[in-house]
Amino acid sequence: MSAGNKRPVTWIHGCRGYRVHAFKDHVRELGEKHGAMSVHTFYDKIEQQIEDGYYEGFVDLSKVQQAMQPDAQYYICGPGAFIKKHFDYLSAQGVAREAIHFEEFGPATLAVG
């Protein structure tokens with residue numbers, strides 16, 4: 001990533017907890033280098049004092065609505081039900097279908113309308 005790229009990036013991640021948080025250090029490093037990246041993490045349960053940008057519970061895009069960018073491209077990765085939930089939410093917010101990209105993890109069960 002070049003230091004001159006200041007295109008806003010928002011990273012939203014959900015996982016069980018701090019100790020099993022995949023990409024935690026790598027994403028933090030990328031955010032520091034980028035300068036225009038906001039990071040929002042949802043843990044099943046917050047077990048220790050941590051910095052801002054962390055939320056307890058399942059990923060809930062309405063809690064990070066201020067981080068949503070007009071004309072953004074959205075990339076969703078996870079199980080089919082997770083993708084469908086967030087695809088439907090983004091669609092209801094007026095995000096064009098062509099701006100929502102996804103990759104399903106696990107058994108292929110996804111069907112979006």
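Reply: Let us begin with the pocket, which on a 1 Å grid over the protein atoms alone is an open set of points where a 1.4 Å probe fits, with protein on both sides within 12 Å along at least five of seven lines; a lining residue has an atom within 4 Å of a point. This is a predicted model, in which local features need pLDDT of at least 70 and side-chain atom pairs count only at pLDDT 80 or more, while totals for chains, interfaces and linings use all residues. Residues are numbered from 1 along each chain as its sequence is written, and side-chain values use heavy atoms, with hydrogens and water left out.

Me: Which residues lie nearest the centre of the second largest pocket, and how many line it?

Reply: The lining has 15 residues, and Arg28, Val39, Glu51, Asp52 and Tyr54 lie nearest the centre. The elements that give two or more residues to it are α1 and β2, and α1 gives the most, with five. The volume, meaning the space filled by probe spheres set on grid points joined across faces, edges and corners, is about 240 Å³ for this second largest pocket.

Me: What is the volume of the largest pocket, and which element gives the most to its lining?

Reply: Its volume is about 1,400 Å³. The lining has 41 residues, with Thr10, Trp11, Ile12, Tyr75 and Ile76 nearest the centre. Strand β1 gives the most, seven residues, where a strand is a DSSP run of E with at least two residues and a helix a run of H or I with at least four, numbered from the N terminus.

Me: Why is His13 called buried?

Reply: His13 has 13% relative accessibility, and buried means under 20%, exposed over 50%, and partly exposed in between, with a 1.4 Å probe and protein chains only; His13 therefore counts as buried. Its place is in strand β1. Leaving out residues up to four places away in sequence, His13 touches His21, Ala22, His40, Thr41, Phe42 and Val59, contact being heavy atoms within 4.5 Å.

Me: What makes a nonpolar core, and which members of the largest one touch the most others?

Reply: Such a core is a set of buried Ala, Val, Leu, Ile, Met, Phe, Trp, Tyr and Cys residues joined through side-chain atoms within 4.5 Å. The largest has 15 residues, of which Leu61, Val64, Leu90, Val95 and Ile100 touch the most other members. Its largest share, three residues, comes from α2. Beyond neighbours within four places in sequence, Leu90 is in contact with Leu61, Met68, Tyr74, Ile76, Val95 and Ile100.
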